[in-house]
Amino acid sequence: PDFVAVDADLARALNCLRMTTPELELEYPLDAERHFEEIGRAMEPWLQGESHRPHCAAGYCGPWLENVWISTFGACWAWRRAAG
């Protein structure tokens, strides 16, 4: 994957978030990456390993949208993390 650096303007998001957490400070992209890693650790028991097989329902046996999303973006994140 080819990633492009983004110069994000977080002013509107910070204004909204600070309505409930006035002292909040964010440092994009490091804070977003840490949060993504935190979510990944929490979801680890349900991640799709090599032995994962999608479930069947209503006559369809996957892959389901969530399977494709996890496979696609999980691989992108692994590549990004390895690249530093």
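Reader: In what order do the elements of the protein chain run from the N terminus on?

Author: Helices (H or I, at least four residues) and strands (E, at least two) are DSSP runs, numbered from the N terminus. Here the elements run α-α-α, with 3 helices and 0 strands in the protein chain. This is a predicted model, in which local features need pLDDT of at least 70 and side-chain atom pairs count only at pLDDT 80 or more, whereas totals for chains, interfaces and linings use all residues. Residues are numbered from 1 along each chain as its sequence is written, and side-chain values use heavy atoms, with hydrogens and water left out.

Reader: How is the packing of H2 and H3 described, and at what angle do their axes cross?

Author: Two packed helices are described by the angle between their axes and the distance between the axes. The axes of H2 (residues 30-43) and H3 (residues 65-83) come within 13 Å and cross at roughly 125°. H2 is therefore oblique to H3 (under 35 degrees is roughly parallel, over 145 roughly antiparallel, 65 to 115 roughly perpendicular, and the rest oblique). Axes are lines fitted to C-alpha atoms, for helices over the stretch in contact, with angles from 0 to 180 degrees between N-to-C directions.

Reader: Which residues of H2 and H3 meet?

Author: Contact means heavy atoms within 4.5 Å. Glu33, Phe36 and Glu37 of H2 meet Trp77, Arg80 and Arg81 of H3.

Reader: Is Asn67 buried or exposed?

Author: Buried means under 20% relative accessible area, exposed over 50%, and partly exposed in between (1.4 Å probe, protein chains only). Asn67, found in helix H3, is buried at a relative accessible area of 9%. Beyond its neighbours within four places in sequence, Asn67 is in contact with Gln48, His52 and Pro54. Across the protein chain, buried residues make up 8% of the 84 residues.

Reader: Which side chains meet in a salt bridge?

Author: Side chains of opposite charge can pair when their charged atoms come close. A salt bridge is a side-chain nitrogen of Lys or Arg within 4 Å of a carboxyl oxygen of Asp or Glu. By this rule there is 1 salt bridge, in which the side chains of Arg18 and Glu25 meet at 3.4 Å, N to O. Arg18 is partly exposed, with a relative accessible area of 26%, whereas Glu25 counts as exposed at 62%.
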